[in-house]
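Hi,

Here is the structure I promised to pass on to you.

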Amino acid sequence: MDKVIIVDHLSKNFTVNEGGTGIKTTIKSLFTKQNKKIVRALKEISFTIQKGELVGFIGPNGAGKTTTMKVLSGLLYPTSGFVSVLDFDPFGKFREFLKQISLVMGQKNQLWWDLPVINSFEFNRVIYDVKEKDYKRNLDNLVSLLGVSSLLNTQVRKLSLGQRMKMELIASLIYKPKVLFLDEPTIGLDLVAQQALRDFIYEYNKKEEATILLTSHNMSDLVDLARRVIVVGEGEIVYDGAFDELTTKFAGEKIIKITLSEEVNQKKLEEVGVVKKYNYPYCYISVPRSTVAFAAAEVLQKFPVVDLNIEEVAVEDIVRKVFKGELKS
Amino acid sequence: MKHLDVRFYLKIWKLMAKNSILSLLNKKESVIIFLIGKFVRYIFYFGFLYFLVTKTNGISGYTAIQTLFFTATYTLVDTIGQFLFRSVYTFRQLIVTGDFDLVLLKPINPLFRSIAGGPDPMDLVTIPPIIAVVVYIDLLLNPSMLHTTFYILLIINAIIISMSIHVFVVSLGIITLSVDHLIMIFRDFSTMGRLPIDIYKSPLKEFLTFIVPVGLMFSVPSKALMGIISPLGVILSIIFGITLFVLSLKFWQFAIKKYTSASS
Amino acid sequence: MDKYFSVFKISLAHEFAYKLNFLIWRFRNIIQILVFFFLWSSVDSTYFGYSQSEIFAYAFLLIIIRSIVMSTKANDVSGYVSSGELSNYLVKPINFFKYLLSKDLAVKMLNIAFSFFEVTILYLILKPNLFIQTNPIQLILFIISLIFAVFIFFSIIILSSSAPFWVPEIGWGVQFLVISIFVEFLSGAFFPLDVFPKPIYEFLKLTPFPYLVFIPIKTYLGNMSTFETTKNLLLGGLWTIILWLLMNKVWKKGLKVYEAFGR
């Protein structure tokens, strides 16, 4: 299988002025020596991604995920190291390269605010050189998959956040890019929209054999989509492997959240599992993954429970765990 | 650099113009008021000048009609500049929100998009009458074929200079996040070009000719039409314009390099 | 009274925080005056009834009078109305107009201080022959005309900013038309209105615009007949009252419409 993304000993440093940017500091810096700080955002990271893979890219904020994506898409140039995407040097910004990739960032938009969405799609059709027939086919396909056909003539500013994200996605896929960089695509969306987006990304990956790199703080995104996960921390790759291993290794538990109608002795709760937090009426109990259904039944039987929820351990917690060196548990 | 396919960019430009027009259709009331405002402004300004120069018989050695021609030329160049480069005014938003990254990722030249990406369709309405006025006064002046050619060349040169200044401003905007101030200052200096810059005393006059090339943009074309500029002067002006343009492009590349080495 | 004083103080602090904005604003004002100054240096102003020293006095007075009459924060109001931000101010226990005027006081003070500074510098550089008024009565009348001007300008801005109550899409369009175009040209801020032929000139004097800049300057220069001066003063006062009453009426009506739609 082809290696679509090759990253070899990639490093990226930023030089930061202690005073920040802006006219005043820039002028000041002409006369006085500013204190400069070197921030090492990426420290010689290496990984390869094959065609058709859907890889989750996780880590705490500031770990270097977005930086990596920007380097892979050509927005930032590396301080040192080798990067190749689709056999191109991304920074060369070759048109042929740009026509095959797409970067979708949660909070940023490329759609024309005042115009009906269809105009933005049409614009992309022209600049990405998509043939009319293909465009029509892609558009119909994407629109029906995401269920937005009635909104095509609506102005972008009148769309809800969820609808807009779907449209951003369509605009980014209308030219069938081979590589997708998705940076927090589900941020700010309600649960229904999140699921719709996830299903869609999954379909796209399967049908088009598109290579997808996805960053997210949302565990459900990763659970549904990523078979392989790269964990980044402080500019380094901490883990690169199957997602299952990660969750079974580090998220061996699930959290049962219960709402009680009467106070209960915490010791009794601890018989079911590890009590993470107990603020009457809420209680969070951590139980091993394999036994969670059983534990939940037990809780319902033994305690005056008004409401019960089974939650995933937050990605943050797993990642925090990983940093604590619990790689081999 | 990347390939420069003129047909492709023309197609994109027309599409962006069409989109600009569509945007405006959603704010009809606003458009009408602004159009009325622009027309009234032109009428007032011309009216004022007309009354001024007819009574005093011209300014600084120029006749009344010649003075009016200077103003008409200023209006033409200024309006064409506003028409073509209106997206400069929304550029700061792009940088501040980070949407500029998405512009950089598109397979079209980001400078083109930043400067020419939103032509102001309202000026499609205002430009023809301005051209009519220019032509009218021009006919009254009855210049030779040669001088008329100089004029047209220098008008194109003026637009190139205007474009260069806009490129400088957006480049500076990438580095300092400050676009609006610079553009406003440039526009204010431009208003000094409404009248022949001979009225300004040195060193202001030299400043306006060479440092902020208002004189080259507005006064020189008119002077050429009147036969006051030598062919050498015309050539030097054009060289200046082209040099300025090349410098501005270099500065843009410098700014982009800075941008792509910093986290946004 | 305390709350308005604190508004005043905050506005002053705000202007200082945006020093660059403020300085650039002053710079742009200067450029406009320079154009005026040089234009009239190359033209014989006696054609319009102004001696050289009088026309230069006009230029310098423009700087000062513009900062007294036309520096304002009330130009944000049309934006508040069309975006709905106005609601934030309406729920506060503070009279909106008094609030605006307190803000304006701060802004005007700052601009006036700078304008005196600029006038001094320009005088030292250009060394023009300036006309200085010495007659105390004329000076008093001058100050009265300025007071009228401040309130007329405020009323005009608020009236223009009321359009979005009924047509929110129009945004600051009416303000653009009235302030940037009509006021700019017809108040004498751009050129002395005497440039116009008599019939147009007389017609303009029936509108409120000349009372913003032109009439105050003329009053200062004091070269009008007693009849003219008195007529101007009466008309100025009349416009002040009419516009102030009209502004209040229109604003009240606008608020009713605004609250009905609950933006």
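Where chain A meets chain B, the contact takes 25 residues from chain A and 25 residues from chain B. Keep in mind as you read that this is a predicted model. On chain A, the elements that put two or more residues into the side touching chain B are α1 (23-31), α2 (65-73), α3 (95-98) and α4 (117-127). Of these, α4(A) gives the most, with 4 residues. Sorted by class, that side of chain A has 13 nonpolar, 8 polar and 4 charged residues.

Chain B also touches chain C: 27 residues of chain B are in contact with 24 residues of chain C. Two helices of chain B, α2 (28-56) and α9 (180-191), each supply at least two residues of the side that faces chain C in this contact. The largest share, 14 residues, comes from α2(B). The class count for this side of chain B is 16 nonpolar, 6 polar and 5 charged residues.

Now to a sheet in chain A. In what order do its strands run? The order is β11-β12-β10-β13 in an open sheet of 4 strands, and the pairing is antiparallel. At the edges you'll find β11 (274-279) and β13 (305-312) of chain A, each of which pairs on one side only. From one strand to the next, the twist averages 20°.

Inside that sheet, strand β10 (residues 253-260) and strand β12 (residues 282-288) of chain A run antiparallel and are joined by 7 bridges.

Last stop is a helix pair in chain C. The axes of α7 (residues 136-161) and α9 (residues 173-186) of chain C come within 7 Å and cross at roughly 145°. The crossing of α7(C) past α9(C) is right-handed. Which residues make the contact? From α7(C) they are C:Ile156, C:Ile157, C:Ser160 and C:Ser161, and from α9(C) they are C:Val174, C:Gln175, C:Val178, C:Ile179 and C:Val183. By class, this contact has 6 nonpolar, 3 polar and no charged residues.

Over to you!

Methods
Residues numbered from 1 in each chain as written. Chains lettered and ligands numbered in written order. Predicted model: local features only at pLDDT ≥ 70, side-chain atom pairs only at ≥ 80, totals over all residues. Pairing = 2+ DSSP bridges. Axes fitted to C-alpha atoms, helices over the stretch in contact; angles between N-to-C directions. Left-handed = near helix turned anticlockwise from the far one by under 90°. Contact = placed C-beta atoms within 7 Å. Nonpolar A, V, L, I, M, F, W, Y, C, P; charged D, E, K, R; others polar.
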